[in-house]
Amino acid sequence: MSNEEIRQLAQWLSEARLGGVELQRPGMQLVLKRHLESVAAEESSDLPTNANQVPIRTCGLGQLLLSHPDQPQVLIAEDNHVDKGQIVALLQVGELLLPVHSPQAGHISRVLLQHGATVGYGEAIMQLEVAS
Amino acid sequence: MIEIISATALATVQDAGRSGSLGYGVGTSGAMDHLALAIGNLLLGNPEGAAAIEIPLFPFEVRFVQDCAFAVTGAAGEATLDGQPLLPFWVLQAREGQVLSVGYPTSGSRVYLCLAGGVDVPPVLGSRSTQLRGEFGGFEGRALQQGDRLAAARPGLSEGPVDFGVISPSQALALHCDGVPAMRVLPAAEYECFVEDSRNAFWADDWKITGQSNRYGYRLEGTPILPSAPMEIRSHGIVPGVIQVPHGGQPIIQMRDAQPSGGYPKFGTVIEADLWRLGQAPVGSKVRFIQCSYPEALDALDDNRRYLEQVARLIDLHRMAPRQGH
């Protein structure tokens, strides 16, 4: 991979407001991370900082799916209860579907992103209200 | 090892099929949805030809007698592991004692339960597929029954990644005609012996999959296909996909358990690349047929292969990624 291509990737990351990218191929590993403050500044700043409100974050980058492509209903809706470890969304990377699990039990107080949104690593996609 | 706890009939062990024995009068058998079986094996890192359980009737339940990774592919519907929902085309680690329940599909008609390493039954004539007519292959040459115990070739805790899925073939390789699921068909030897109106209607009309449809063949219902003159032909070799037209003009499509010879006039052949679509078409549903050429039929096989290769490549990359602990 040339420097030119890496610069292009960095440009795309910035345009897509993604926090970073990790590429692995046999014999090659590339990790690009954007400056955390610039990423954080772009994130919606109106998230409540209440201790009962826990963000559910992505575990990689891809396209965010709130429902499975073969199923009409959403995996979880606002105000729904979730168990710890329950799949609340999917990340699509090409033909691959990776799960986003709820880190704790609680109920979904807000869905922050839309179905089909391109997301980066560690981006908050839902707000989880946990019992205090 | 798993134990069948549901009493629903006709679930069988199937792999990619028993090729090379048609000359002995032994049909191919094999999964009605080859792609679903192939994806299940890719998700588990199984050998390409590993066998799975094909489930045509629901609800279907098994208990894991020991830890085992598994994948559920094919028709999408309600599946749960110990009550927790399981997504379509998904791979998961089951622990000893857990119960997998597969409910009625909301789309498609056959579900595949794939086990790590494949279902461990002895191969017969080079295949683990159940040959129902000959009562050999698969699990004791018969459909599965309540209480049967089947071993996985690679039980235990999975060394590869679990808890992920892939985009299904019906999404990745969608094919519809006026909103109706479609299959591509090559005209066959006696095609020109049917009247022009019938030939035109065959391509233009919807066809209903009747209740007399199973692994042996599908009987369709629609505008009768009429010959220009009565035809009597000698029995000859036939393969899965062949569309025969008996007297009365309601066609029969031979499927994976078809006998290797027949004598009805052949109108066309559903191409190999699209047989999985028919394998997933539920009884009572409508399908359409699209005329295609031999080169187009080969291109369609290439499309299927490319999809499987792409899925395999992404799963390999996922396997290399650092594992997240839970």
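**Figure 1. The open sheet of chain A.** In this predicted model, four strands of chain A form an open sheet in the order β3-β10-β8-β5, with antiparallel pairing. Strands are DSSP runs of E with at least two residues, helices are runs of H or I with at least four, and both are numbered from the N terminus. Two strands count as paired if DSSP finds at least two bridges between them. Strands of a sheet pair through backbone hydrogen bonds, either parallel or antiparallel. β3 (53-57) and β5 (81-82) of chain A each have a single partner strand and stand at the edges, so one side of each is left without a neighbour in the sheet. β5(A) is joined by two bridges to the antiparallel strand β8 (residues 106-111) of chain A. A:His81 has A:His107 in β8(A) as its bridge partner.

Local features in this predicted model need pLDDT of at least 70, and side-chain atom pairs count only at pLDDT 80 or more, whereas totals for chains, interfaces and linings use all residues. Residues are numbered from 1 along each chain as its sequence is written, while chains are lettered from A and ligands numbered from 1 in the order in which they are written.

Figure 2. In contrast, α1(B) is mostly covered, as 11 of its 11 residues are buried. A residue is buried if 20 or more other C-beta atoms, placed from the backbone, lie within 10 Å of its own, exposed if 12 or fewer do, and partly exposed in between. The buried residues of α1(B) include B:His34, B:Ile39, B:Asn41 and B:Leu44. After α1(B) comes B:Gly45, which has a positive phi near 70°.

**Figure 3. The two domains of chain B.** An automatic or database domain assignment supplies the bounds: domain 1 (2-166 + 307-320) and domain 2 (176-292). Their C-alpha centres lie 28 Å apart. Domain 1 of chain B gives 18 residues to the contact and domain 2 of chain B gives 14; two residues are in contact if their C-beta atoms, placed from the backbone, lie within 7 Å. On the side of domain 1 that touches domain 2, α1 (34-44), β5 (68-81) and β8 (99-115) of chain B give two or more residues each. The largest share of this side, three residues, belongs to β8(B). Its residues comprise five nonpolar, 10 polar and three charged. Ala, Val, Leu, Ile, Met, Phe, Trp, Tyr, Cys and Pro count as nonpolar, Asp, Glu, Lys and Arg as charged, and the others, Gly among them, as polar.

**Figure 4. The contact between chain B and chain A.** Chain B places 20 residues in contact with 13 residues of chain A. On the side of chain B that touches chain A, β10 (164-166), α2 (169-172) and α5 (294-320) of chain B give two or more residues each. α5(B) provides the largest share of this side, six residues. The side of chain B contains 12 nonpolar, seven polar and one charged residue. Strand β7 (residues 96-101) of chain A runs antiparallel to β10(B), and two bridges join them. A:Leu96 lies opposite B:Val166 in β10(B).
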